[in-house]
Amino acid sequence: MATAVRDIRHFIAGGTSGEATRFGDVFDPNTGRIQARVGLGVGADLDRAVEAALAAQPAWAATNPQRRARVMFRYKELIEQNMDSLAHLLASEHGKVIADAKGDIQRGLEVIEYACGIPQALKGEYTQGAGPGIDVYSLRQPLGIVAGITPFNFPAMIPMWMFGIAIAVGNAFILKPSERDPSVPVRLAELMLEAGLPEGVLQVVHGDKEMVDAILDHPEVKAVSFVGSSDIAHYVYQRGVAAGKRVQAMGGAKNHGIVMPDADLDQVVTELTGAAFGSAGERCMALPVVVPVGEDTADRLRQKLIPAIEALRVGVSTDAEAHYGPVVSPQHKARIENYIQMGVDEGAELVIDGRGFTLQGHEGGFFVGPTLFDHVSAKMRTYQEEIFGPVLQIVRAKSFEEAARLPSDHAYGNGVAIFTRNGHAAREFVQRVEVGMVGVNVPIPVPVAYHSFGGWKRSAFGDTNQYGMEGVRFYTKTKVVTQRWPDGAGVPGNANDAFIIPTMG
Ligand code: NAD
């Protein structure tokens, strides 16, 4: 007899709710079994969430910033107390190893820590005496109801990037997480309630395109933050903007690591294997393309890379020794393996083939072994497109100029790294490269929470980044007040001056 799977429901107005007619499968990627099903919501579910948000948001916005920050403090403590159970839940739906799942939560928590200081970020500006008896000040006000749509690969970090700031500045936030690993987002919302957030301020609705479209079209949703693949990011951006919303939409990536002849190759190999294969390559800041400068650098790098890659341990999420676990779904595993075949067909040299990898005792798991290609060229589709799997491609460049042009000419522009001991080359590269986040001897340059995160070109649509002050700007409106308190003696000067555009003289 088939065992009933767990149902994952929306989290609306402080409780789980919703009867769905369509469902999405939630796998355990370690075994390949369907462990739960998530009800895919419709417009009416969103309407209920919006109604609860409308009821809750004005009082939340009127709560002074310090009290709002105190909720964030309590939330931080609760997340820390629940770190183990959250990491296990996350890993069981995503497939990443436990230590990496904790990193996912921790990087989100760092934005919550930033949000604990929100009173400082919300302080306006003031000019006394801007004109005769005139003072000018600016203040930031929340937008009202805002929404976030998030990808499968960081089910804790990316929601926290968004709602940490959005809520702290006084909005109500509706999260539509990935339908592949929706349990942690619900848990994150439950913990917020425990931390003292009023019901209706943070809610979770599940779904696919139908729910996304409902969010994009809903007149009460004033801003949408999206993170996912580029075509969908572009679609979300266009539809959301057409509906008059503020939209930031982060997309895919193809990050390059430039290796100069003077780089410390042992350091590069350690960093590169982690950045290319960690989380099975399912990171928008992974480093799937390495560009050694000069044939000699390429040969030496390849020689060191091969044994390092062969030594990688692929295992289940709970294997503390494993470097990475399974990929998220059977469809994604098939997609990655198709790309590997495409690379062969395009004429790249397949040095290590990760296809057909099975783990004893977990034959149904969605594992892909580490894969290495050499002699990849910029004309190949496997170079131009995002594979999002444990596949590292070597693109050999003859000169620094040629290497430096590659990431700039690529359609994506999320992250890039240069490995060198030459400060001048690094500086030139940093200045010139057409990419949003740059690492110098740092393979995954994800900015800390008090800076901000965002790529260029097809990696991001819209003009504000995630978190930091950019996040505060995205989730608030600026109001500028020009005030005069007359002394009762009337307006000074010539009455006809009132017809002339005011200047400060
Ligand atoms: P995805 O684009 O398939 O899904 C992202 C979100 O969009 C999900 O919530 C999903 O339900 C929704 N969605 C899916 N299809 C849709 C459609 N047709 N119309 C409207 N909405 C739709 O992305 P994913 O596979 O979950 O995540 C991986 C992608 O996200 C990769 O491309 C990765 O590079 C990217 N990513 C980017 C960043 C960044 O900050 N730039 C960070 C993490 C992940």
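Author: The discussion below treats a sheet, a helix pair and some individual residues. The model is predicted.

Reader: How is a sheet to be read, and in what order do the strands β6, β7 and β23 lie?

Author: In general, the strands of a sheet pair through backbone hydrogen bonds, in either a parallel or an antiparallel manner. Here the order is β6-β7-β23, in an open sheet of 3 strands with antiparallel pairing. The edges are taken by β6 (125-131) and β23 (476-484); each has a single partner strand, so one side of each is left without a neighbour in the sheet. From one strand to the next, the twist averages 25°.

Reader: How many bridges join β7 to β23?

Author: Strand β7 (residues 134-142) is joined to β23 by 9 bridges, and the two run antiparallel.

Reader: At what angle do helices α8 and α9 pack?

Author: The angle between α8 (residues 209-217) and α9 (residues 230-242) is about 35°, and their axes lie 8 Å apart. The crossing of α8 and α9 is right-handed. On the α8 side, the contact is made by Lys 209, Val 212, Asp 213, Leu 216 and Asp 217, and on the α9 side by Tyr 235, Val 236, Arg 239 and Gly 240.

Reader: Is Asp 104 buried or exposed?

Author: Burial is judged by relative accessible area, with under 20% counting as buried. Asp 104 has a value of 1%, and is therefore buried. This residue belongs to helix α4 (residues 98-115). Its side chain forms a polar contact of 2.8 Å with the side chain of Lys 96. Leaving aside residues up to four places away in sequence, Asp 104 touches several others, among them Leu 90, Asn 153, Phe 154 and Met 157.

Reader: What is the phi of Ala 13, and where is this residue found?

Author: Ala 13 has a positive phi of about 50°, although the residue is not a glycine. Ala 13 is located in the loop between β2 (10-12) and β3 (15-17). Its relative accessibility is 35%, so Ala 13 counts as partly exposed.

Reader: Which loop holds Phe 388, and what is its phi?

Author: Phe 388 lies in the loop between α13 (381-384) and β17 (391-394). Its phi is near 60°, a positive value in a residue other than glycine. With 14% relative accessibility, Phe 388 counts as buried.

Terms used. Residues numbered from 1 in each chain as written. Predicted model: local features only at pLDDT ≥ 70, side-chain atom pairs only at ≥ 80, totals over all residues. Heavy atoms only, no water. Axes fitted to C-alpha atoms, helices over the stretch in contact; angles between N-to-C directions. Helix = DSSP H or I, 4+ residues; strand = E, 2+ residues; numbered from the N terminus. Left-handed = near helix turned anticlockwise from the far one by under 90°. Contact = heavy atoms within 4.5 Å. Pairing = 2+ DSSP bridges. Buried < 20%, exposed > 50% of the residue type's maximum accessible area, 1.4 Å probe, protein only. Polar contact = N/O pair within 3.5 Å; in protein donor to acceptor, adjacent residues only side chain to side chain.
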